[in-house]
Protein chains: 2
Amino acid sequence: MNALQARILKEGKNLGEGILKVDSFVNHQVDPTLMNECGQLFARLFAEVGATKILTAEISGIAPALTTGIHLGLPVVYARKSKPITMPDQVYLTLAPSHTKGRMVELIVSPEYLSNGEKILIIDDFLASGQTILGLVRLAEASGAKVVGIGALIEKTFEGGRDLLKAVNVPIESIARIKSMDAGTIEFVD
Amino acid sequence: MNALQARILKEGKNLGEGILKVDSFVNHQVDPTLMNECGQLFARLFAEVGATKILTAEISGIAPALTTGIHLGLPVVYARKSKPITMPDQVYLTLAPSHTKGRMVELIVSPEYLSNGEKILIIDDFLASGQTILGLVRLAEASGAKVVGIGALIEKTFEGGRDLLKAVNVPIESIARIKSMDAGTIEFVD
């Protein structure tokens, strides 16, 4: 069992309906030491994919993407969910359903920071239905960049995201793979 | 001149009306190596204040707060701007005006992660009017925690935030202090 899995068992809360609360170390309070270890692990797992940039989605993807960026020495772009005044009028925009918000959210990246020829490593906190990550794939592809890998801290295998992302045809790595959250428990893939 | 100042001169854009665009290394695309250096510097500047936790505001405060947390070995809490479903009903909430959004935004922290007796180091990307940081101070104080230091990557001294925060009576440190953005230029405090 790795440090992230151990922490999920210790502090994660199964709120039912597939919602895992990890607010004490990932989503509201962040454990920087744990995030740094996860970033180091992603850097090792994706050392050979030739990424030139990391792409994530605000807000909770920023911490693992940043620590991965520290260890790979790569810039990190986080897709915004609303367009700040500093962004140009012309942007890459896609929609993705948010499980925790119960509605569609926008994912927006400025063409200033995604471009043709870039090789993109996508890092996010959760891989569940895969819809947010697929949205990031669409943004990357819209810019002419190529996705070369996908990493998530926590995967909920029972939501099928990995199957959805199979068509992207790149390595998919997650640090804690949860196969079941039935009856209030949290069970990892062996 | 430090690395952050040099980068601001190289890539920062003065958009007028006091708005500094640093989207290529802080606010949309992040340079993890630079953020790590800034975190290291904050860790050195605040080594003696006895902080037990770092508090910041989503979204752009997360990167410098996280790297400071890595170097100080402290947990980071980021105030949310909307309440996720994983948060309890009873929260600490305050309002602060957002310069870049042109409206009031909520800053919300769960009482699970801020409590009586904590010593809080506030880290954010900008210290401008000081209103967001003052909102974080109110959240910390509402919980019974004590603020022990305030750090910002970039300070715009001409917006007066440091004066506003004087009453908090803690060390205030910023890595790049801009005294003027008149006529399209960016001038640092000597």
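Q: What rotation and shift superpose chain A on chain B?
A: In this predicted model, a rotation of 180° with 0.0 Å of shift along its axis superposes chain A on chain B, with an RMSD of 0.0 Å, where the superposition is by least squares on the C-alpha atoms of residues with pLDDT of at least 70 in both copies. The two copies are thus related as by a two-fold rotation axis.

Q: And which residue of chain A comes closest to the rotation axis?
A: That is A:I59, whose C-alpha comes to 3.2 Å from the axis.

Q: Before we go on, what should I know about numbering and pLDDT?
A: Residues are numbered from 1 along each chain as its sequence is written, and chains are lettered from A and ligands numbered from 1 in the order in which they are written. Because this is a predicted model, local features need pLDDT of at least 70 and side-chain atom pairs count only at pLDDT 80 or more, while totals for chains, interfaces and linings use all residues.

Q: OK, how many residues are in contact between the chains?
A: 34 residues of chain A are in contact with 33 residues of chain B, contact meaning that the C-beta atoms, placed from the backbone, lie within 7 Å.

Q: Which element of chain A gives the most to that side?
A: α4(A) gives the most, with 5 residues; helices here are DSSP runs of H or I of at least four residues, strands are runs of E of at least two, and both are numbered from the N terminus.

Q: What about the classes of residue there?
A: The side of chain A that touches chain B has 17 nonpolar, 11 polar and 6 charged residues, with Ala, Val, Leu, Ile, Met, Phe, Trp, Tyr, Cys and Pro counted as nonpolar, Asp, Glu, Lys and Arg as charged, and the others, Gly among them, as polar.

Q: Switching to sheets, what is the strand order in the one that includes β3(B)?
A: The order is β11(A)-β10(A)-β9(A)-β8(A)-β4(A)-β5(A)-β3(B), an open sheet of 7 strands with mixed pairing, two strands being paired if DSSP finds at least two bridges between them.

Q: How does β3(B) join on?
A: Strand β5 of chain A, residues 76-79, runs antiparallel to β3(B) and is joined to it by 2 bridges, with A:V77 standing opposite B:Q29.

Q: And which strands of chain B form a hairpin?
A: β10(B) and β11(B) do, with 6 residues between them, and B:A183 in the turn has a positive phi of about 50°.

Definitions and conventions: Two residues are in contact if their C-beta atoms, placed from the backbone, lie within 7 Å.
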